[in-house]
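Please open the structure in your viewer and keep the selection panel at hand. The stops below are arranged so that each selection leads to the next.

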Amino acid sequence: MIKSPWRGDFPIINNTQCESPYIYLDSAATAQTPASVIERMQHFYLNEYATVHRGVHRLSSEATDNMEQTRQDVADFIQAKSREQIVFTKGTTEAINLVANTFLPTFTQSGDEIIITDMEHHANIVPWQLLSERLGLTIKVWAMTSDGELLLDDLQALLSPRTKLVALTHISNVLGCINPIKKATSIAHQYGAVVLIDGAQGVMHQAVNVSDVGCDFYAFSGHKLYGPTGVGVLYMAKKWADTLPPWEGGGAMIDHVQLPMGTSYQAAPWRFEAGTPNIAGILGLGEAIKYVNHIGIDAISQYEEELMLYAEEKLQNLDSLNVYGNSDKRVGLISFNLGVHHAYDVGSFLDRYNVAIRTGHHCAMPLLARLEQTAVCRASFALYSDSQDVDVLVDRLNYIKKLLG
Ligand code: PLP
């Protein structure tokens with residue numbers, strides 16, 4: 001039996017209101033929140049509440065200090081060289097939109113090219129499409145192999161002197177594969193292209209060192225890392241922190257405002273953070289990082305790896321289950337379909353038996369098209385998942401199979 005020593009830290013997982021325990025296997029969509037994170041945000045509202053970067057009063061300056069300390073904690077967590085390279089956003093989606101709306105209009109010309117893969121989440125497709133339409137850019141698709149692998153030779157073949165940006169996901173939210181982000185970055189840089197890594201599924205499963213990867217941008221969301229929703233991070237290499245223009249205007253991002261024109265802006269990262277930030281969310285993210293650091297990301301990786309091996313073996317033994325992607329490289333999740341049965345039917349039955357999985361296109365329609373599917377089931381795991389969750393899933397899938405024939 002593989003038992004998580006950290007399961008007790010998550011109030012909702014231990015919620016006994018259901019007749020039989022609820023099995024939460026949708027952590028790739030959003031991870032549950034440990035009590036310490038909930039308490040940190042509650043503590044802020046109960047004892048420390050004030051806005052940041054505004055007042056000289058004690059509450060405001062303490063909130064500012066706490067937020068800026070969190071920025072440092074985020075920088076340390078992903079091994080960025082300085083906290084000035086960490087921009088707080090609403091999530092991965094907003095982080096990618098920020099890059100699309102600042103980098104592309106400033107550093108590209110009509111006819112330039114962007115490379116994205118066909119395993120991206122829509123968040124790492126649509127922002128590039130919107131800007132490409134506006135700016136006359138061409139999007140080239142780095143297609144995965146039928147095994148769900150991204151080959152560096154294929155990237156090399158797509159790159160040209162007109163390639164300005166390569167965007168790819170660290171870990172696929174459907175296949176669970178880890179992509180060769182460091183090598184891809186190095187190859188793209190040889191052509192002068194900048195690299196954005198979508199780390200939404202990356203940061204919670206293994207240590208990330210953005211300085212070592214050498215990428216220009218790395219984006220992730222707090223809520224997949226045991227933090228709250230509505231907060232995310234964009235890491236930018238110093239060169240971009242120093243040169244990208246602001247994208248949203250308003251309070252907090254300015255240095256001096258005058259009429260009719262001539263406003264000047266703050267340095268990074270504050271230049272990119274117009275308006276009042278999600279202070280409680282940022283502090284919650286900081287607490288989530290503390291929580292993960294306290295356990296140790298390597299201990300989490302090791303635990304999840306053992307659980308994944310168990311889950312893979314159990315699920316592979318279930319006949320008529322089609323599992324997608326390459327089993328050598330799956331992290332944190334398994335996508336599958338049960339025979340000819342539609343994923344929605346399987347997901348709805350599982351829900352009736354108190355098992356939560358995700359079904360549908362997973363915001364990755366091009367990838368689903370490659371799999372020749374319109375919907376798949378996805379069971380995803382986190383540090384609180386255990387082998388009993390897997391056993392219940394397999395047991396219920398067996399039952400549904402019998403029921404549906
Ligand atoms: N990228 C990937 C790989 C994801 O899995 C997700 C969310 O599921 C996103 C981007 C978007 O994240 P958010 O909705 O938190 O901005």
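Between domain 1 and domain 2 of this predicted model, 16 residue pairs are in polar contact, both residues being at pLDDT 80 or more. To see where these domains lie, colour residues 7–25 and 296–404 as domain 1, and residues 38–294 as domain 2. The centres of the two domains, taken over C-alpha atoms, are 29 Å apart.

**The interface between the domains**

How much area is buried between domain 1 and domain 2? The figure is about 2,600 Å², and carbon and sulfur atoms give 59% of it. On the side of domain 1, display I297, L367 and R370, which supply 24% of the area that this domain buries against domain 2, more than any other three residues.

Across the interface of domain 1 and domain 2, one salt bridge is found. Side chains of opposite charge can pair when their charged atoms come close.

**The ligand**

- From D198, a polar side-chain atom lies 2.5 Å from a nitrogen atom of the ligand.
- From H223, a polar side-chain atom lies 2.7 Å from an oxygen atom of the ligand.
- From Q201, a polar side-chain atom lies 2.8 Å from an oxygen atom of the ligand.

**Backbone features on either side of β9**

Most residues other than glycine have a negative phi, and most peptide bonds are trans. Begin with A252, in the loop between α8 (238–243) and β9. Phi of A252 is near 75°, a positive value in a residue other than glycine.

Move on to P260, in the loop between β9 (254–256) and β10 (264–265). Is the peptide bond joining L259 and P260 cis or trans? This bond is cis, with omega about 0°. Then select P269, which is found in the loop between β10 and α9 (279–295). The peptide bond from A268 to P269 is also cis, with omega near 5°.

For the last stop, consider the salt bridges of the model, which number 20. One of interest here is formed by D112 and R162, whose closest N and O atoms are 2.9 Å apart. Where in the chain do D112 and R162 lie? D112 is in the loop between α3 (92–107) and β3 (113–117), whereas R162 is in the loop between α5 (152–158) and β5 (163–169). The pair thus links distant parts of the chain, 50 residues apart.

Technical notes:
Residues numbered from 1 in each chain as written. Predicted model: local features only at pLDDT ≥ 70, side-chain atom pairs only at ≥ 80, totals over all residues. Heavy atoms only, no water. Domains from an automatic or database assignment. Buried area = accessible area lost by both parts, 1.4 Å probe. Salt bridge = Lys/Arg side-chain N within 4 Å of Asp/Glu carboxyl O. Polar contact = N/O pair within 3.5 Å; in protein donor to acceptor, adjacent residues only side chain to side chain. Helix = DSSP H or I, 4+ residues; strand = E, 2+ residues; numbered from the N terminus.
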